[in-house]
Amino acid sequence: MNASRREFLTTVSAGVAAGITQGGFFSGAHAAEDRKLGVALVGLGSLSTHQIAPALAKTQHCRLAAIVTGSPEKEKAWGDKYGIGPDHRYSYEAFDKIAGDDSVDIVYIVLPNSMHAEYTIRAAKAGKHVLCEKPMANSSAECNAMIAACQQMNRLLAIGYRCQFEPHHLKCMEIARSQEMGKLSRIDAGFGFTIGDPKQWRLRHQLAGGGALMDVGIYALQACRYLTGEEPVSVIAQETKTDPIKFAEVDESITWSMKFPSGVIATCSTSYNFNGLNRFRAYGEKGWFGMDPAYSYEGNRIETSNGKIELAQVDQFGTELDEFAKCIRENRPSRVSGQEGLKDILAIEAIYRSIQQRSLVSVS
Ligand code: NAD
């Protein structure tokens with residue numbers, strides 16, 4: 001699954017140069033503080049291996065300082081490759097000892113969804129700032145506990161919403177906010193892919209919390225929220241399953257519709273059984289704009305009723321990490337805070353409730 005999913009996300013354009021946006025966060029008066037912040041990666045699976053570790057090497061303000069893994073083989077291979085000494089390598093059981101590791105400022109949690117809450121809370125208690133992959137957790141109750149733990153320890157919490165730092169998405173937010181295409185009335189958005197290995201954790205409800213919706217549908221949901229700048233008030237959803245054995249525990253395909261306070265209606269879909277759905281389009285009084293592909297690691301493109309908009313590509317994980325480092329330095333909350341993660345989970349819970357109740361439901 002990881003290879004096919006990765007290939008799918010890594011769509012794209014030959015010749016796209018991935019590079020971190022250059023910006024002087026700590027120049028001038030802050031130069032003395034310009035120590036790179038140490039990041040401990042928890043979970044050395046596909047995302048950590050193929051995206052985050054390479055991105056970390058390109059960041060301006062972060063560095064890989066420690067690893068947390070259950071595999072002695074990975075511990076040695078990563079330690080050797082990235083020059084991480086035995087004192088900065090942790091098993092899951094010994095994770096709490098990271099409290100005494102001054103080389104670590106940020107714990108980046110890249111584990112199956114059900115483990116996000118536990119490790120966020122343990123990291124906060126160890127006195128570390130937390131960057132946690134999406135979806136934030138398996139329930140809004142867990143999200144609230146994560147937010148409370150970080151608040152109690154006065155640590156920052158951010159969720160791995162890489163698209164919110166990506167220039168094409170930022171440009172679309174700007175088009176929406178400036179009403180360049182007039183007042184928005186409708187958004188169509190969707191993200192799906194064909195999932196492989198039937199034994200993987202993404203198909204186990206206890207570990208994943210849900211299926212396509214939790215994993216990739218969340219990108220379409222996020223896009224609707226950040227394009228409107230509003231929270232959905234009600235949703236109606238429908239689930240379809242073509243393979244009830246493979247998808248016995250989690251959703252295979254869901255379509256849903258959300259109503260926003262300004263009257264915008266968003267129609268969204270997500271699936272674990274087909275490739276090529278990776279887009280959004282927003283319609284205003286004067287025209288439309290959208291992205292296709294929209295949520296890939298690179299090669300995302302904007303098209304509008306007035307033509308294409310070409311923008312630089314960036315390393316989304318590197319940018320996200322540097323932005324979080326900037327928040328820590330400047331002691332201000334991240335744009336993709338725990339509250340932001342919670343809002344998505346509340347909407348996702350409403351979507352599952354609507355499927356269960358076969359009716360329109362309010363988002364709490
Ligand atoms: P993966 O399966 O490749 O890696 C998961 C890691 O967790 C592995 O190292 C595995 O050994 C470890 N692990 C520890 N306990 C485990 C358990 N009980 N069961 C299974 N694995 C266990 O997954 P991934 O694709 O790296 O995804 C990890 C997280 O990152 C997920 O929350 C996922 O939603 C998120 N993710 C985000 C993006 C993004 O673009 N932001 C992309 C992919 C994945």
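This is a predicted model: local features need pLDDT of at least 70, side-chain atom pairs count only at pLDDT 80 or more; totals for chains, interfaces and linings use all residues.
Figure 1. An oxygen atom of the ligand is placed 3.0 Å from an N or O atom in the side chain of Arg 202. The side chain of His 116 likewise has an N or O atom 3.0 Å from a ligand oxygen. For Asn 113, the separation between a side-chain N or O atom and an oxygen atom of the ligand is 2.8 Å. Taken alone, the ligand exposes 830 Å², of which the protein buries 82%.

**Figure 2. The shell of residues around the ligand.** The ligand is surrounded by 26 residues, and the closest are Ser 46, Asn 113, Lys 134, Arg 162 and Trp 201. By residue class, the shell comprises 13 nonpolar, six polar and seven charged residues. Domain 1 (27-162 + 320-336) and domain 2 (163-313 + 344-362) both contribute residues to this shell, so the ligand lies between them.

**Figure 3. The open sheet of nine strands.** The strands follow the order S14-S13-S12-S11-S7-S10-S9-S8-S15, and their pairing is mixed. Strand S14 (307-309) and strand S15 (361-362) stand at the edges; each has a single partner strand, so one side of each is left without a neighbour in the sheet.

**Figure 4. The pairing of strands S7 and S11.** Strand S7 (residues 184-192) runs antiparallel to strand S11 (residues 278-284), and seven bridges join the pair. At one of the paired positions, Phe 191 has Asn 278 in S11 as its bridge partner.

Notes: Residues are numbered from 1 along each chain as its sequence is written. Side-chain values use heavy atoms; hydrogens and water are left out. A residue is near a molecule or strand if one of its heavy atoms lies within 4 Å of it. A polar contact is a pair of N or O atoms within 3.5 Å; within protein, one must be able to donate a hydrogen and the other to accept it, and residues adjacent in sequence count only if both atoms are side-chain atoms. Accessible areas come from the Shrake-Rupley method with a 1.4 Å probe; for residues, only the protein chains shown count as cover. Ala, Val, Leu, Ile, Met, Phe, Trp, Tyr, Cys and Pro count as nonpolar, Asp, Glu, Lys and Arg as charged, and the others, Gly among them, as polar. Domain bounds come from an automatic or database domain assignment. Two strands pair if DSSP finds at least two bridges between them. Helices (H or I, at least four residues) and strands (E, at least two) are DSSP runs, numbered from the N terminus.
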